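Keep the picture in view as you read.

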Amino acid sequence: MMDNIKGKRIAILATNGFEQSELELPRDRLKQAGATVEIISLAPGEIKGWDQKDWGRPVKVDKTLDQASASDYDAIVLPGGQINPDLLRLEPKALAFIKDIFEAKKIVAAVCHAPWLLIETGIAKGRKMTSYKSIKTDVANAGAQWQDAEVVVDQGVITSRNPGDLEAFSAKIIEEVREGRHLQRSAA
């Protein structure tokens with residue numbers, strides 16, 4: 001398979017209220033491409049998604065943030081929805097995990113409202129990014145150059161706008177993981 005990323009490990013960081021499709025579709029595409037994908041959350045057990053207008057299906061948590069280490073992963077995927085990233089950006093351990101992966105020059109991918117987490121960690125500053133349109137001003141105010149595109153990549157930081165962009169978002173994650181670390185990445 002052209003998109004083979006066998007042997008690569010990818011963390012999906014989420015909590016209750018993640019947008020269902022924004023966790024499930026990238027997870028499934030990454031697994032199909034051969035990656036090991038683990039759901040990381042604040043507590044063990046299950047987290048429940050938000051499916052458009054109501055609560056969705058639960059997803060099993062593979063590890064808690066206390067059990068996960070940035071050194072174990074080649075990339076992190078941050079699903080959106082309004083609830084999930086809003087809760088995670090209040091959690092110092094979640095922010096530290098994201099920042100550790102970024103500082104190791106690994107892939108960081110955020111969709112929809114998840115760029116809030118890139119704002120909170122300082123990753124957004126000075127980058128080209130996209131997001132759900134309702135947080136465009138937040139992204140711009142954080143010092144990023146907001147673009148209206150299905151996928152924007154800036155030195156291994158991948159962002160997308162909404163569930164309609166998920167196939168392109170997932171394909172770009174696979175491509176970037178296959179390319180490896182972004183050693184030329186500069187901090188903001």
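Ile10 has Ala75 in E7 as its bridge partner. Two strands count as paired if DSSP finds at least two bridges between them. Helices (H or I, at least four residues) and strands (E, at least two) are DSSP runs, numbered from the N terminus.

The model is predicted: local features need pLDDT of at least 70, side-chain atom pairs count only at pLDDT 80 or more, and totals for chains, interfaces and linings use all residues. Residues are numbered from 1 along each chain as its sequence is written, and side-chain values use heavy atoms, leaving out hydrogens and water.

E1 and E7 belong to an open sheet of 7 strands, in the order E6-E3-E1-E7-E8-E12-E11, with mixed pairing. Its edge strands, E6 (63-64) and E11 (152-154), each pair on one side only.

Another open sheet has 3 strands, ordered E2-E4-E5, and its pairing is mixed too. E2 pairs with E4 (residues 46-51) in the parallel sense over 2 bridges. Phe18 has Gly49 in E4 as its bridge partner.

Which strands does helix H1 lie across? The table lists them. Contact means heavy atoms within 4.5 Å. Axes are lines fitted to C-alpha atoms, for helices over the stretch in contact, and angles run from 0 to 180 degrees between N-to-C directions.

| Helix | Strands it lies across | Angle |
|---|---|---|
| H1 (residues 20-32) | E2, E4 and E5 | about 35° to E5 |
| H1 | E1, E3 (36-41), E7 and E8 (107-111) | about 150° to E3 |

Helix H6 (residues 166-179) packs on the 7-strand sheet. H6 touches E1, E7, E8, E11 and E12 (157-160), and its direction makes about 175° with that of E8.
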